[in-house]
Amino acid sequence: MSARRCDALSSTWSVDEHLADVLGAVRPLEPLELSLLDAHGCVLVEDVTVPTALPPFDNSSMDGYAVRTADVAGASEEFPAVLTVVGDVAAGSGELPEVGPGQAARIMTGAPLPPGAQAVVPVEWTDGGKGAGPAAAMAAASTDPSGAAGEVRVHRAAAEGRHVRRAGSDAAAGELALAAGTVLGPPQIGLLAAIGRGSVRVRPRPRVVVLSTGSELVPPGEKLGPGQIHDSNSFVLTAAARDAGALAYRASAVADDADSLRDAVEEQLVRADVLVTSGGVSVGAYDVVKEALGERLDADGGAVEFRRLAMQPGKPQGFGLVGPDRVPLLALPGNPVSSYVSFELFVRPVIRTLMGLPSVHRPKVRARLAAEAPLTSPDGKRQFLRGRYEPSEGGGTGGVRPVGGAGSHLVAALAQADALIVVPESVTEVAPGEELEVLLLGVDGSAV
Ligand code: AMP
Ligand code: MG
(Lines give C-alpha, C1' and ligand atoms only; values in the text may rest on other atoms or scores of the structure.)
(Ligands and ions follow the chains in the order given, each with its own letter.)
Protein backbone atom coordinates (compact mmCIF):
# COMPACT_ATOMS: atom_id res chain seq x y z
CA MET A 1 0.00 0.00 0.00
CA SER A 2 2.52 2.59 1.09
CA ALA A 3 4.17 4.44 -1.71
CA ARG A 4 6.92 5.24 0.76
CA ARG A 5 8.81 2.70 2.75
CA CYS A 6 9.24 4.35 6.08
CA ASP A 7 8.25 4.19 9.66
CA ALA A 8 4.94 5.93 9.22
CA LEU A 9 4.65 7.03 12.82
CA SER A 10 7.99 8.70 13.08
CA SER A 11 7.79 10.65 9.87
CA THR A 12 5.42 13.21 8.47
CA TRP A 13 3.60 12.77 5.17
CA SER A 14 2.63 15.63 2.91
CA VAL A 15 -1.01 15.98 1.91
CA ASP A 16 -0.09 15.01 -1.64
CA GLU A 17 1.87 11.92 -0.59
CA HIS A 18 -1.00 10.65 1.56
CA LEU A 19 -3.55 11.33 -1.20
CA ALA A 20 -1.38 9.56 -3.79
CA ASP A 21 -0.97 6.58 -1.46
CA VAL A 22 -4.73 6.33 -0.84
CA LEU A 23 -5.80 6.79 -4.46
CA GLY A 24 -3.07 4.41 -5.63
CA ALA A 25 -4.74 1.66 -3.60
CA VAL A 26 -8.28 1.99 -4.99
CA ARG A 27 -9.70 0.97 -8.38
CA PRO A 28 -13.11 1.67 -9.91
CA LEU A 29 -15.79 -0.81 -8.84
CA GLU A 30 -16.81 -3.61 -11.20
CA PRO A 31 -19.72 -2.62 -13.44
CA LEU A 32 -23.25 -3.81 -12.75
CA GLU A 33 -26.48 -3.82 -14.74
CA LEU A 34 -28.68 -1.35 -12.85
CA SER A 35 -32.22 -0.18 -13.40
CA LEU A 36 -32.44 3.38 -14.65
CA LEU A 37 -33.07 5.25 -11.45
CA ASP A 38 -30.41 3.27 -9.63
CA ALA A 39 -28.01 4.20 -12.44
CA HIS A 40 -28.65 7.92 -11.98
CA GLY A 41 -25.38 9.71 -11.22
CA CYS A 42 -23.29 6.71 -12.28
CA VAL A 43 -20.82 6.33 -15.14
CA LEU A 44 -22.02 4.32 -18.13
CA VAL A 45 -19.59 1.57 -19.19
CA GLU A 46 -21.26 0.56 -22.47
CA ASP A 47 -21.98 2.41 -25.71
CA VAL A 48 -25.77 2.58 -25.95
CA THR A 49 -27.27 2.68 -29.44
CA VAL A 50 -30.79 3.68 -30.43
CA PRO A 51 -32.71 0.43 -31.12
CA THR A 52 -35.65 1.95 -33.00
CA ALA A 53 -36.18 5.43 -34.38
CA LEU A 54 -37.14 8.18 -31.97
CA PRO A 55 -39.92 9.17 -32.30
CA PRO A 56 -41.01 5.77 -33.59
CA PHE A 57 -43.71 7.20 -35.92
CA ASP A 58 -44.69 10.51 -37.57
CA ASN A 59 -46.81 12.37 -35.03
CA SER A 60 -48.48 15.70 -34.44
CA SER A 61 -46.79 18.52 -32.53
CA MET A 62 -50.09 20.35 -32.02
CA ASP A 63 -53.73 19.79 -31.16
CA GLY A 64 -55.56 20.36 -34.45
CA TYR A 65 -56.56 18.63 -37.65
CA ALA A 66 -54.57 16.27 -39.84
CA VAL A 67 -55.10 17.30 -43.44
CA ARG A 68 -53.98 16.78 -47.02
CA THR A 69 -51.97 19.83 -48.15
CA ALA A 70 -53.83 20.16 -51.46
CA ASP A 71 -57.12 20.54 -49.58
CA VAL A 72 -55.94 23.56 -47.60
CA ALA A 73 -53.79 25.24 -50.29
CA GLY A 74 -54.96 28.83 -50.61
CA ALA A 75 -57.26 28.66 -47.56
CA SER A 76 -57.85 32.00 -45.82
CA GLU A 77 -60.16 33.64 -43.29
CA GLU A 78 -62.29 34.84 -46.15
CA PHE A 79 -62.22 31.60 -48.12
CA PRO A 80 -61.73 28.75 -45.64
CA ALA A 81 -61.28 25.17 -46.78
CA VAL A 82 -64.28 23.17 -45.57
CA LEU A 83 -63.29 19.59 -44.73
CA THR A 84 -65.27 16.58 -43.48
CA VAL A 85 -63.97 15.35 -40.14
CA VAL A 86 -63.66 11.55 -40.43
CA GLY A 87 -62.39 10.67 -36.97
CA ASP A 88 -60.41 11.45 -33.91
CA VAL A 89 -56.76 10.52 -33.25
CA ALA A 90 -55.62 10.68 -29.65
CA ALA A 91 -52.07 10.01 -28.37
CA GLY A 92 -51.81 6.24 -28.12
CA SER A 93 -54.40 5.59 -30.83
CA GLY A 94 -53.71 2.32 -32.56
CA GLU A 95 -56.41 2.37 -35.21
CA LEU A 96 -56.17 5.35 -37.48
CA PRO A 97 -58.79 6.77 -39.85
CA GLU A 98 -57.73 7.15 -43.48
CA VAL A 99 -57.82 10.83 -44.51
CA GLY A 100 -59.07 11.06 -48.06
CA PRO A 101 -59.44 14.12 -50.32
CA GLY A 102 -61.69 16.74 -48.73
CA GLN A 103 -61.32 15.09 -45.33
CA ALA A 104 -59.56 15.82 -42.03
CA ALA A 105 -59.04 13.96 -38.76
CA ARG A 106 -59.03 15.71 -35.44
CA ILE A 107 -55.62 15.01 -33.87
CA MET A 108 -53.96 15.56 -30.50
CA THR A 109 -50.31 16.34 -29.67
CA GLY A 110 -48.21 13.19 -29.89
CA ALA A 111 -50.86 11.22 -31.81
CA PRO A 112 -49.75 9.34 -34.95
CA LEU A 113 -50.33 11.10 -38.24
CA PRO A 114 -53.11 9.10 -39.89
CA PRO A 115 -52.60 7.65 -43.37
CA GLY A 116 -53.36 10.08 -46.17
CA ALA A 117 -52.66 13.16 -44.04
CA GLN A 118 -49.58 15.24 -44.85
CA ALA A 119 -49.70 18.09 -42.34
CA VAL A 120 -51.45 19.27 -39.20
CA VAL A 121 -53.28 22.56 -38.93
CA PRO A 122 -53.44 23.73 -35.31
CA VAL A 123 -56.92 24.17 -33.90
CA GLU A 124 -56.23 27.94 -33.73
CA TRP A 125 -56.13 27.98 -37.58
CA THR A 126 -59.64 26.52 -37.76
CA ASP A 127 -63.15 27.10 -36.50
CA GLY A 128 -62.63 24.08 -34.27
CA GLY A 129 -65.21 22.10 -36.19
CA LYS A 130 -68.29 23.90 -34.88
CA GLY A 131 -68.18 27.33 -36.31
CA ALA A 132 -67.79 28.63 -32.73
CA GLY A 133 -64.48 29.72 -31.11
CA PRO A 134 -61.71 27.07 -31.27
CA ALA A 135 -61.62 26.36 -27.54
CA ALA A 136 -65.36 25.93 -27.27
CA ALA A 137 -65.37 23.74 -30.34
CA MET A 138 -62.56 21.50 -29.07
CA ALA A 139 -64.44 21.18 -25.79
CA ALA A 140 -67.64 20.35 -27.63
CA ALA A 141 -65.89 17.87 -29.88
CA SER A 142 -64.22 16.19 -26.93
CA THR A 143 -67.65 15.15 -25.66
CA ASP A 144 -68.12 13.31 -28.92
CA PRO A 145 -65.90 10.22 -28.60
CA SER A 146 -65.98 9.51 -32.32
CA GLY A 147 -64.51 12.95 -32.93
CA ALA A 148 -66.71 13.10 -36.02
CA ALA A 149 -67.54 16.72 -35.45
CA GLY A 150 -68.99 17.08 -38.89
CA GLU A 151 -67.10 19.74 -40.69
CA VAL A 152 -64.11 21.91 -39.95
CA ARG A 153 -63.24 25.23 -41.55
CA VAL A 154 -59.50 25.77 -42.04
CA HIS A 155 -58.31 29.36 -42.41
CA ARG A 156 -54.67 28.83 -43.37
CA ALA A 157 -52.66 26.67 -45.71
CA ALA A 158 -50.11 24.17 -44.37
CA ALA A 159 -47.10 22.84 -46.25
CA GLU A 160 -46.23 19.15 -46.22
CA GLY A 161 -44.86 18.10 -42.83
CA ARG A 162 -46.08 21.23 -41.03
CA HIS A 163 -46.56 20.48 -37.29
CA VAL A 164 -45.45 16.92 -37.88
CA ARG A 165 -42.59 15.39 -35.92
CA ARG A 166 -41.01 12.90 -38.29
CA ALA A 167 -40.08 9.38 -37.20
CA GLY A 168 -36.37 9.35 -36.36
CA SER A 169 -36.11 13.16 -36.27
CA ASP A 170 -34.89 13.00 -32.66
CA ALA A 171 -32.57 10.01 -33.01
CA ALA A 172 -32.23 7.51 -35.85
CA ALA A 173 -32.18 3.75 -35.29
CA GLY A 174 -28.62 2.50 -34.90
CA GLU A 175 -27.25 5.92 -33.90
CA LEU A 176 -25.09 6.20 -30.76
CA ALA A 177 -27.36 7.45 -27.98
CA LEU A 178 -24.78 7.67 -25.20
CA ALA A 179 -21.09 6.78 -25.20
CA ALA A 180 -19.36 4.72 -22.52
CA GLY A 181 -17.97 7.11 -19.92
CA THR A 182 -21.04 9.35 -19.86
CA VAL A 183 -22.16 10.41 -16.40
CA LEU A 184 -25.90 9.73 -16.25
CA GLY A 185 -27.71 12.89 -15.20
CA PRO A 186 -31.48 13.33 -15.47
CA PRO A 187 -31.55 14.09 -19.25
CA GLN A 188 -29.41 11.03 -20.00
CA ILE A 189 -31.68 8.86 -17.84
CA GLY A 190 -34.60 10.35 -19.81
CA LEU A 191 -33.01 9.45 -23.15
CA LEU A 192 -32.40 5.86 -22.02
CA ALA A 193 -36.03 5.57 -20.96
CA ALA A 194 -37.23 7.13 -24.23
CA ILE A 195 -35.36 4.54 -26.30
CA GLY A 196 -36.78 1.77 -24.14
CA ARG A 197 -33.77 0.81 -22.03
CA GLY A 198 -34.93 -0.33 -18.59
CA SER A 199 -31.43 -0.99 -17.29
CA VAL A 200 -27.82 -0.19 -18.24
CA ARG A 201 -24.30 -1.24 -17.31
CA VAL A 202 -22.68 1.29 -15.03
CA ARG A 203 -20.14 1.48 -12.27
CA PRO A 204 -22.29 1.36 -9.13
CA ARG A 205 -22.26 3.85 -6.31
CA PRO A 206 -19.92 2.63 -3.56
CA ARG A 207 -21.46 1.61 -0.24
CA VAL A 208 -19.81 3.70 2.44
CA VAL A 209 -20.23 2.92 6.13
CA VAL A 210 -19.46 5.67 8.61
CA LEU A 211 -18.50 4.71 12.15
CA SER A 212 -17.86 7.33 14.77
CA THR A 213 -15.96 6.52 17.94
CA GLY A 214 -16.07 8.17 21.33
CA SER A 215 -17.53 7.27 24.71
CA GLU A 216 -18.72 10.87 25.01
CA LEU A 217 -21.03 10.65 21.99
CA VAL A 218 -24.81 10.73 22.20
CA PRO A 219 -27.09 10.70 19.14
CA PRO A 220 -28.87 13.97 18.34
CA GLY A 221 -32.38 13.89 19.76
CA GLU A 222 -31.18 12.40 23.05
CA LYS A 223 -30.42 14.35 26.23
CA LEU A 224 -26.79 14.97 27.13
CA GLY A 225 -25.39 13.72 30.43
CA PRO A 226 -22.38 15.31 32.13
CA GLY A 227 -19.38 15.45 29.79
CA GLN A 228 -21.33 14.17 26.82
CA ILE A 229 -21.68 15.77 23.38
CA HIS A 230 -23.84 15.03 20.40
CA ASP A 231 -22.31 12.91 17.66
CA SER A 232 -22.13 15.28 14.72
CA ASN A 233 -19.27 13.78 12.71
CA SER A 234 -21.09 10.66 11.65
CA PHE A 235 -23.90 12.84 10.26
CA VAL A 236 -21.55 15.20 8.44
CA LEU A 237 -19.56 12.33 7.00
CA THR A 238 -22.60 10.30 5.93
CA ALA A 239 -24.14 13.35 4.29
CA ALA A 240 -20.82 14.21 2.64
CA ALA A 241 -20.44 10.65 1.35
CA ARG A 242 -23.92 10.82 -0.19
CA ASP A 243 -23.07 14.20 -1.64
CA ALA A 244 -19.96 12.68 -3.20
CA GLY A 245 -22.13 10.02 -4.87
CA ALA A 246 -21.99 7.10 -2.42
CA LEU A 247 -24.76 5.06 -0.86
CA ALA A 248 -23.78 5.92 2.67
CA TYR A 249 -24.89 4.34 5.93
CA ARG A 250 -24.31 5.69 9.39
CA ALA A 251 -23.55 3.05 11.99
CA SER A 252 -24.18 4.00 15.60
CA ALA A 253 -21.25 5.45 17.49
CA VAL A 254 -18.85 3.00 19.11
CA ALA A 255 -17.51 3.54 22.63
CA ASP A 256 -13.79 3.91 23.19
CA ASP A 257 -13.14 0.21 23.55
CA ALA A 258 -10.86 -1.59 21.12
CA ASP A 259 -12.78 -4.88 21.10
CA SER A 260 -16.11 -3.18 20.44
CA LEU A 261 -14.57 -1.21 17.60
CA ARG A 262 -12.94 -4.29 16.06
CA ASP A 263 -16.31 -6.08 16.24
CA ALA A 264 -18.13 -3.12 14.70
CA VAL A 265 -15.64 -2.88 11.84
CA GLU A 266 -15.85 -6.61 11.12
CA GLU A 267 -19.63 -6.47 11.20
CA GLN A 268 -19.75 -3.56 8.75
CA LEU A 269 -17.06 -4.88 6.40
CA VAL A 270 -19.46 -7.26 4.66
CA ARG A 271 -21.61 -4.44 3.42
CA ALA A 272 -19.06 -1.76 2.70
CA ASP A 273 -16.95 -0.74 -0.27
CA VAL A 274 -15.37 1.93 1.96
CA LEU A 275 -15.23 2.30 5.73
CA VAL A 276 -14.79 5.70 7.31
CA THR A 277 -14.15 6.11 11.02
CA SER A 278 -13.96 9.30 13.01
CA GLY A 279 -12.00 9.91 16.18
CA GLY A 280 -9.48 7.92 18.16
CA VAL A 281 -6.48 8.41 15.89
CA SER A 282 -4.29 10.81 17.82
CA VAL A 283 -2.10 10.16 20.82
CA GLY A 284 -4.61 10.31 23.68
CA ALA A 285 -5.04 7.50 26.19
CA TYR A 286 -8.35 6.35 24.68
CA ASP A 287 -7.45 6.55 21.01
CA VAL A 288 -8.96 3.17 20.26
CA VAL A 289 -9.05 3.27 16.50
CA LYS A 290 -5.30 3.17 16.47
CA GLU A 291 -5.25 0.49 19.12
CA ALA A 292 -7.90 -1.69 17.45
CA LEU A 293 -6.98 -1.33 13.79
CA GLY A 294 -3.25 -0.81 13.89
CA GLU A 295 -2.85 -4.58 14.14
CA ARG A 296 -4.24 -7.32 11.90
CA LEU A 297 -8.01 -7.62 12.06
CA ASP A 298 -8.01 -11.37 11.39
CA ALA A 299 -6.00 -13.99 9.54
CA ASP A 300 -6.93 -12.42 6.20
CA GLY A 301 -7.26 -8.86 7.30
CA GLY A 302 -4.90 -6.13 6.41
CA ALA A 303 -3.93 -3.46 8.86
CA VAL A 304 -4.43 0.25 9.00
CA GLU A 305 -1.37 2.45 8.93
CA PHE A 306 -1.48 5.56 11.07
CA ARG A 307 0.53 8.59 10.11
CA ARG A 308 1.00 12.27 10.71
CA LEU A 309 0.29 14.66 7.90
CA ALA A 310 1.81 18.08 7.39
CA MET A 311 -1.59 19.72 7.39
CA GLN A 312 -3.87 21.69 9.65
CA PRO A 313 -6.47 20.65 10.56
CA GLY A 314 -6.29 16.89 10.05
CA LYS A 315 -2.80 15.93 11.18
CA PRO A 316 -3.48 12.35 12.35
CA GLN A 317 -4.81 10.03 9.64
CA GLY A 318 -5.12 6.29 9.20
CA PHE A 319 -5.47 4.36 5.98
CA GLY A 320 -5.47 0.68 5.11
CA LEU A 321 -7.14 -2.10 3.16
CA VAL A 322 -8.93 -4.38 5.60
CA GLY A 323 -10.72 -7.72 5.65
CA PRO A 324 -10.56 -10.50 3.08
CA ASP A 325 -11.90 -8.16 0.38
CA ARG A 326 -9.35 -5.50 1.20
CA VAL A 327 -11.91 -2.77 1.81
CA PRO A 328 -10.36 0.71 1.99
CA LEU A 329 -10.65 2.11 5.50
CA LEU A 330 -9.97 5.76 6.16
CA ALA A 331 -9.60 6.64 9.83
CA LEU A 332 -10.21 10.36 10.21
CA PRO A 333 -9.48 12.53 13.22
CA GLY A 334 -12.34 13.28 15.62
CA ASN A 335 -12.35 17.04 15.75
CA PRO A 336 -15.35 17.99 13.64
CA VAL A 337 -13.59 20.40 11.29
CA SER A 338 -10.63 18.03 10.93
CA SER A 339 -12.84 15.10 10.02
CA TYR A 340 -14.81 17.10 7.47
CA VAL A 341 -11.71 18.62 5.85
CA SER A 342 -10.12 15.16 5.77
CA PHE A 343 -13.23 13.79 4.09
CA GLU A 344 -13.14 16.46 1.41
CA LEU A 345 -9.45 15.93 0.71
CA PHE A 346 -9.19 12.15 0.89
CA VAL A 347 -12.52 10.30 1.15
CA ARG A 348 -14.42 12.19 -1.53
CA PRO A 349 -11.76 11.41 -4.17
CA VAL A 350 -11.83 7.74 -3.10
CA ILE A 351 -15.61 7.56 -3.58
CA ARG A 352 -15.42 9.26 -6.95
CA THR A 353 -12.52 7.08 -8.08
CA LEU A 354 -14.55 3.97 -7.18
CA MET A 355 -17.39 5.36 -9.29
CA GLY A 356 -15.03 5.93 -12.22
CA LEU A 357 -16.03 9.59 -12.38
CA PRO A 358 -13.93 11.84 -14.58
CA SER A 359 -13.32 14.44 -11.89
CA VAL A 360 -12.63 13.29 -8.37
CA HIS A 361 -11.55 16.53 -6.69
CA ARG A 362 -13.35 19.71 -5.77
CA PRO A 363 -12.62 22.48 -8.24
CA LYS A 364 -9.89 24.97 -7.36
CA VAL A 365 -9.98 28.67 -8.12
CA ARG A 366 -7.68 31.59 -7.30
CA ALA A 367 -9.17 34.23 -5.02
CA ARG A 368 -7.98 37.34 -3.22
CA LEU A 369 -8.01 37.30 0.56
CA ALA A 370 -10.91 39.49 1.65
CA ALA A 371 -9.92 40.20 5.26
CA GLU A 372 -9.04 43.20 7.38
CA ALA A 373 -5.98 41.60 8.96
CA PRO A 374 -3.30 39.24 7.60
CA LEU A 375 -3.75 35.49 7.99
CA THR A 376 -1.08 33.57 9.79
CA SER A 377 -0.33 29.93 9.15
CA PRO A 378 2.10 27.43 10.69
CA ASP A 379 5.35 26.89 8.83
CA GLY A 380 5.66 23.52 7.10
CA LYS A 381 1.96 22.70 7.19
CA ARG A 382 -0.69 23.09 4.51
CA GLN A 383 -3.50 24.92 6.20
CA PHE A 384 -7.14 24.68 5.19
CA LEU A 385 -9.21 27.56 6.51
CA ARG A 386 -12.94 27.85 6.10
CA GLY A 387 -14.14 30.69 3.94
CA ARG A 388 -16.89 32.18 1.86
CA TYR A 389 -16.10 32.61 -1.78
CA GLU A 390 -17.23 35.82 -3.48
CA PRO A 391 -17.05 35.52 -7.27
CA SER A 392 -16.04 38.75 -9.01
CA GLU A 393 -18.87 40.49 -10.83
CA GLY A 394 -16.66 41.25 -13.83
CA GLY A 395 -15.55 37.62 -14.22
CA GLY A 396 -11.99 38.27 -12.91
CA THR A 397 -10.40 36.91 -9.75
CA GLY A 398 -12.95 36.61 -6.95
CA GLY A 399 -12.45 37.08 -3.25
CA VAL A 400 -12.55 34.78 -0.26
CA ARG A 401 -13.46 35.81 3.26
CA PRO A 402 -12.37 33.63 6.18
CA VAL A 403 -15.18 32.52 8.50
CA GLY A 404 -14.42 31.57 12.08
CA GLY A 405 -10.91 30.92 13.25
CA ALA A 406 -8.48 28.07 12.86
CA GLY A 407 -9.98 26.03 15.75
CA SER A 408 -10.95 22.57 14.56
CA HIS A 409 -13.98 22.42 16.88
CA LEU A 410 -15.78 25.34 15.18
CA VAL A 411 -18.80 23.63 13.60
CA ALA A 412 -20.94 26.78 13.56
CA ALA A 413 -18.39 28.61 11.39
CA LEU A 414 -18.03 25.53 9.20
CA ALA A 415 -21.74 25.67 8.49
CA GLN A 416 -21.26 29.22 7.12
CA ALA A 417 -18.43 28.21 4.79
CA ASP A 418 -18.64 27.26 1.14
CA ALA A 419 -14.92 27.11 0.43
CA LEU A 420 -11.62 25.94 1.88
CA ILE A 421 -8.80 28.46 1.74
CA VAL A 422 -5.49 26.71 1.09
CA VAL A 423 -2.39 28.22 2.64
CA PRO A 424 0.69 26.39 1.32
CA GLU A 425 3.28 24.77 3.58
CA SER A 426 5.92 27.45 2.97
CA VAL A 427 3.60 30.43 3.59
CA THR A 428 3.29 31.75 7.13
CA GLU A 429 1.46 35.00 6.46
CA VAL A 430 -1.01 36.17 3.82
CA ALA A 431 -1.84 39.87 3.51
CA PRO A 432 -5.32 41.11 2.66
CA GLY A 433 -5.72 41.28 -1.12
CA GLU A 434 -3.13 38.57 -1.80
CA GLU A 435 -4.13 35.70 -4.06
CA LEU A 436 -4.70 32.22 -2.68
CA GLU A 437 -5.98 28.89 -3.88
CA VAL A 438 -9.53 28.05 -2.83
CA LEU A 439 -11.43 24.75 -3.01
CA LEU A 440 -15.08 25.26 -3.79
CA LEU A 441 -17.30 23.07 -1.63
CA GLY A 442 -20.77 22.29 -2.89
CA VAL A 443 -19.59 22.26 -6.49
CA ASP A 444 -18.82 19.03 -8.34
CA GLY A 445 -15.49 18.96 -10.10
CA SER A 446 -17.32 18.09 -13.30
CA ALA A 447 -19.32 21.33 -13.14
CA VAL A 448 -16.30 23.61 -13.50
P1 AMP B 1 -10.64 12.30 19.19
O2 AMP B 1 -9.97 12.38 17.86
O3 AMP B 1 -11.44 11.05 19.32
O4 AMP B 1 -9.68 12.49 20.29
O5 AMP B 1 -11.66 13.49 19.25
C6 AMP B 1 -11.22 14.82 19.16
C7 AMP B 1 -12.32 15.78 19.55
O8 AMP B 1 -13.40 15.64 18.64
C9 AMP B 1 -12.91 15.56 20.91
O10 AMP B 1 -13.23 16.82 21.45
C11 AMP B 1 -14.15 14.76 20.64
O12 AMP B 1 -15.11 14.88 21.63
C13 AMP B 1 -14.61 15.35 19.35
N14 AMP B 1 -15.35 14.35 18.57
C15 AMP B 1 -14.92 13.10 18.31
N16 AMP B 1 -15.85 12.43 17.61
C17 AMP B 1 -16.88 13.28 17.44
C18 AMP B 1 -18.15 13.15 16.80
N19 AMP B 1 -18.51 12.01 16.22
N20 AMP B 1 -18.97 14.21 16.81
C21 AMP B 1 -18.59 15.36 17.39
N22 AMP B 1 -17.41 15.55 18.00
C23 AMP B 1 -16.56 14.51 18.04
MG1 MG C 1 -12.35 10.13 20.79
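Q: What does Asp 243 form a salt bridge with?
A: Arg 348, in this predicted model. The closest N and O atoms are 3.4 Å apart.

Q: Is Arg 348 buried or exposed?
A: Arg 348 is buried, at 1% relative accessibility. Asp 243 is partly exposed, at 45%.

Q: Which residues are in a network with them?
A: Salt bridges link Asp 243, Glu 344, Arg 348 and Arg 362 in a network.

Q: And how many salt bridges are there in total?
A: The count comes to 19.

Q: OK, what about Arg 366, what does its side chain meet?
A: The side chain of Glu 435, in a salt bridge of 3.2 Å, N to O.

Q: How accessible are Arg 366 and Glu 435?
A: Arg 366 is partly exposed at 45%. Glu 435 is partly exposed too, at 32%.

Q: New topic: strand E8. Mostly covered or open?
A: Mostly covered. Four of the five residues in E8 (residues 103-107) are buried.

Q: Which way do E6 and E8 run?
A: Antiparallel, joined by four bridges. Strand E7 runs parallel to E8, with five bridges.

Q: What are the bridge partners of Ala 105 in E8?
A: Ala 66 is one. Gly 87 is another.

Definitions and conventions:
Residues numbered from 1 in each chain as written. Chains lettered and ligands numbered in written order. Predicted model: local features only at pLDDT ≥ 70, side-chain atom pairs only at ≥ 80, totals over all residues. Heavy atoms only, no water. Buried < 20%, exposed > 50% of the residue type's maximum accessible area, 1.4 Å probe, protein only. Helix = DSSP H or I, 4+ residues; strand = E, 2+ residues; numbered from the N terminus. Pairing = 2+ DSSP bridges. Salt bridge = Lys/Arg side-chain N within 4 Å of Asp/Glu carboxyl O.
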